[in-house]
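Q: I am new to this structure. Can you show me how to read its features, step by step?
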Amino acid sequence: MTTREIEENPTLNKGSLKTYQNNWLLRSGFNQLSRAFNDFRIILIEQIYIIRRYLVYFFFLNTVGPFALVFAMGHYAGFHPDQTELLRIISGTVTFALVTVGFTSVAQRLSIMRQQGTLLYYCALPINKVSFVTALLISRLVILIPSIVTPIVAGIIMYNLEIHLDLWLLGVMILGAFSLVALGTTLGVLVKSYELISLVCNAFIVVMALASPNFIPNYLLPLPLQVLGWVLPSTYTSDAISHCLAGTYDRVSYFDVLVLSVMALVGIVITGKFLKWSAD
Amino acid sequence: MIETVKNCIEVSNLTKIYEAGGRSKARQPIVANDAISLEINQGEVFGLLGPNGAGKTTLVNQILGLATPTEGSIFVKGIDIIKHPAFVKSLASYLPQRGIAFEYTEVHKALLFAGQLKGLTKIQAKIQSEQLIGELDLGEVADTFFNKLSGGMRRVVGLGLALMGRPEILVMDEPTNELDPVRRRRVWNIIQEINRERGITCILVTHNVAEAETVLQRVAIIDKGKVLALGTPGKLKQQISTEAFLDLTLNDMLETRDTKTIAEEVKFKLDQRFHSATLPAFRFSVESPNNLKIYLPFEQSGEVINFIVSEIGPQVIDDFKLAHTSLEDVYLHHVGPEASLNKSEIGSRS
Ligand SMILES: Nc1ncnc2c1ncn2[C@@H]1O[C@H](COP(=O)(O)OP(=O)(O)OP(=O)(O)O)[C@@H](O)[C@H]1O
Ligand SMILES: [Mg+2]
């Protein structure tokens, strides 16, 4: 006797149907939420295990790189930067590092998983796609820590910069990193081929790190690049961070935070919607 | 109270078409599954056999809710899993052909993770994983990273991961590929055990037809997306042949008589004594100087064997076995090089 027959025959007892559905169709909201969190936690740990193989190299390289960048920018062509310019260098370096490291990481991981078939393995598990994506994102945020910390430390050590450190700064940096990673992930979802992803990512990186209002202030850029800058998350990340470093919270930096939140959300929604959770 | 859901999985008229990739107009869409209908009963070990590209993986992917059929329906325990793929995921475990996660995790932790992702609590997962490490003999590799294991051990660990959470349905795509003979036997035994003891419904995709024969309770032979044969191994064997054969190994006490002469003598007497118009004739084949194969109608085998043994003389016979057509023969009959021949034969008869 199948459930279909049970369903089609109203005179029959529906007990056995319920038993099967109890597990799953009738699972309570709270239950689902705690399951989702548990799944998120496990996948996060697994992803960190993947990263931990090269964590030492990663931390080393991502400390040296930003350090060198801050050093170089501060002494560029006999340039003697003032406090504002130095802050821009720091925030620019943080953004630069977030873009180079964060933007590509999840996108590339996803395409590797797609190629190896691991993505399908996760699909076959009774887990939520959102748990999976979020865990993937957060796991890659971990490796961004040195990229965020080093420029600030370098600024303090090399230039005796007075930096305004507070939780708001931390929040903004995490949000900036998150939105960049989320948009990178979107790319990984929309572009299927590994080679193409590398190409597209590199193009984005060059534009976001160098050809947009990051190291160079907005008003010094040619108009087309200024316009381009409005749609790039890096612009808002950089701006918000430099405001925070200076301790000047004004309407502009709240706007930055708003834009970044929206971008992060859009990234996650697109990822959730378009990440193919099947073998089709 | 309605208890049993006899048909665990009901697949009807399932068709899966992959759109042609690339821009070239010459490329045809691929019909990976072509109107497949079959039922898999609760608690049975069901085999999916067929050559490369037959559509086996495509079929199990759809049963697991991993791919959406182009047409047709799949009910698992009576629930439409095209509408509710999450249902089958909560019930079934999958040992895929490739791409198991937990690459950089130690085996014992991977088992824990797999269990927890299946909804077990940490303690439950711990208990089950320890049990499985024992059953699958994984003690030695429990602390090894998954990516450092040999290809065969990965399969065994993969089976362990799939068994975490005590699934009701276990789908295995080539579970014995790459395994050494001892491990292969072990995996077959494990499959048989878990099926018997826990009543897990197993779907097995395999190319290892000869070995799987003892484990499989029912099989479907698939080629080019179509089911060519479906049933118990015994039924399928009978369909292609009602003959059994007696395989005799003779020893050196033959003295003056050689195997060929014996064969001729025995055949003559057998034909005189047993042959009737309604049954196929006895066929003899001398495979080597000491080996003789006698094909005989299955129904008569008991009597005939006694007769043959007494004719040849038991002291001359070193070893003998009575065998029926094997599942491998059935497989070859349907998809082997002679398959098209068999088909045209059937066609000309009808
Ligand atoms: N994602 C896909 N896109 C396009 N075609 C596919 C896809 N997956 C499978 N196919 C095609 O569908 C057919 C059936 O493939 P499938 O993987 O189901 O075969 P199989 O029976 O599992 O073979 P094997 O024994 O080699 O694993 C093949 O022709 C294959 O090329
Ligand atoms: Mg396959």
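A: Start with one residue. This is a predicted model. A:Val149 sits in helix α8 of chain A.

Q: Is A:Val149 buried, exposed or partly exposed?
A: Compare its relative accessible area with the cut-offs: buried is under 20%, and exposed is over 50%. A:Val149 has 41%, so it is partly exposed.

Q: Which residues make the nonpolar surface patch?
A: A:Val149 is one of them, with A:Phe59, A:Phe67, A:Ile145, A:Val153 and A:Ile157. The patch they make is about 480 Å².

Q: Which elements give two or more residues to the nonpolar patch?
A: They are α4 (55-74) and α8 (145-159) of chain A. The largest share comes from α8(A), with four residues.

Q: Now the ligand. Which residues come nearest to ligand 1?
A: There are 13 residues around ligand 1. B:Asn52, B:Gly53, B:Lys56, B:Thr57 and B:Thr58 come nearest.

Q: What lies 2.8 Å from an oxygen atom of ligand 1?
A: Look for polar atoms facing each other. Here, a polar side-chain atom of B:Asn52 lies at that distance. The backbone takes part in other pairs. A backbone N or O atom of B:Ala54 lies 3.1 Å from a ligand 1 oxygen. For a polar backbone atom of B:Gly55, the distance to an oxygen of ligand 1 is 2.9 Å.

Q: How much of the accessible area of ligand 1 does the protein cover?
A: On its own, ligand 1 has 630 Å² of accessible area, and the protein covers 66% of that.

Q: Which elements give two or more residues to the shell around ligand 1?
A: β2 (30-41) and α1 (56-63) of chain B do. The largest share, three residues, comes from α1(B). By class, the shell has seven polar, five nonpolar and one charged residues.

Terms used. Residues numbered from 1 in each chain as written. Chains lettered and ligands numbered in written order. Predicted model: local features only at pLDDT ≥ 70, side-chain atom pairs only at ≥ 80, totals over all residues. Heavy atoms only, no water. Near = heavy atom within 4 Å. Polar contact = N/O pair within 3.5 Å; in protein donor to acceptor, adjacent residues only side chain to side chain. Areas by Shrake-Rupley, 256 points an atom, 1.4 Å probe, with all protein chains shown as cover. Nonpolar A, V, L, I, M, F, W, Y, C, P; charged D, E, K, R; others polar. Patch = residues over 30% accessible without salt bridge, like charges linked within 9 Å, V, L, I, M, F, W, Y side chains within 5 Å. Salt bridge = Lys/Arg side-chain N within 4 Å of Asp/Glu carboxyl O. Buried < 20%, exposed > 50% of the residue type's maximum accessible area, 1.4 Å probe, protein only.
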